[in-house]
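Open the model in your viewer and switch to a cartoon view. We will walk along neighbouring strands, one selection at a time.

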Amino acid sequence: MSLRSLGPVFVLAAALLATACTTRTRIVHVSPPATVSIEIEVYDPVTNGVWEGVGVRVHEAWQEWSGARHVSPFTDAFELTDRAGRVFFSAYDLHVYSVGFPVDEYGRAVLSDHPAGDESIVTLEIWAPGFRSVFVDVDLSWRDPDALIAVPFQ
């Protein structure tokens with residue numbers, strides 16, 4: 001067998017080698033879920049002062065991932081505003097209120113980066129003796145998982 005007769009074999013081997021060397025592996029980076037939280041400040045729109053001792057609770061939440069509204073079974077679980085008129089609901093608190101958030105391995109409410117599950121609308125109830133309840137919706141998303149809002153109450 002001559003070197004000339006092996007020419008087509010070398011060409012085929014070179015082509016296969018070139019194809020094998022140009023194959024690329026696609027690496028996909030999955031973004032971690034984001035823990036969610038809400039901080040609310042309750043103020044008097046007349047005096048612009050804050051309300052201390054006003055009750056705030058998580059009433060319900062709409063979850064994009066399930067397409068459902070989840071009402072909290074804890075109808076009397078109000079947290080009272082502090083001296084600065086604020087209440088903070090951590091990712092743990094939002095899970096405990098049982099309003100449909102997915103939960104990570106640490107028991108924290110989270111949202112994923114998947115377009116079909118990266119948003120939630122949480123409805124808070126604000127109440128004090130002698131006042132009517134005020135309900136406010138808080139938008140949360142994977143891109144903006146921590147909300148800080150100020151709500152007038154009178």
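Two strands count as paired if DSSP finds at least two bridges between them. Keep in mind as you go that this is a predicted model.

**Stop 1: S3.** Select residues 55–63, which make up strand S3. How many of its nine residues are buried? Eight are, so the strand is mostly covered, taking buried as under 20% relative accessible area. While you have the side chains on display, recall that in a regular strand they alternate between the two faces of the sheet.

**Stop 2: S4.** Show Trp-62 and you will find Arg-69 of S4 opposite. The two strands form a hairpin with four residues between them. Click on Gly-67 in that turn: its phi is positive, about 70°.

**Stop 3: S5.** Now pick residues 79–80, strand S5, which pairs with S3 in the antiparallel sense over two bridges. Here Val-56 has Glu-79 as its bridge partner.

**Stop 4: S8.** Next, select residues 119–127 for strand S8, antiparallel to S3 and joined to it by eight bridges.

**Stop 5: S9.** Finish with residues 134–141, strand S9, which pairs with S8 over eight bridges, again in the antiparallel sense. Which residue of S9 is the bridge partner of Leu-124? Look for Val-136. S8 and S9 form a hairpin too, with six residues between them. In its turn, Gly-130 has a positive phi of about 85°.

Conventions: Residues numbered from 1 in each chain as written. Predicted model: local features only at pLDDT ≥ 70, side-chain atom pairs only at ≥ 80, totals over all residues. Heavy atoms only, no water. Buried < 20%, exposed > 50% of the residue type's maximum accessible area, 1.4 Å probe, protein only.
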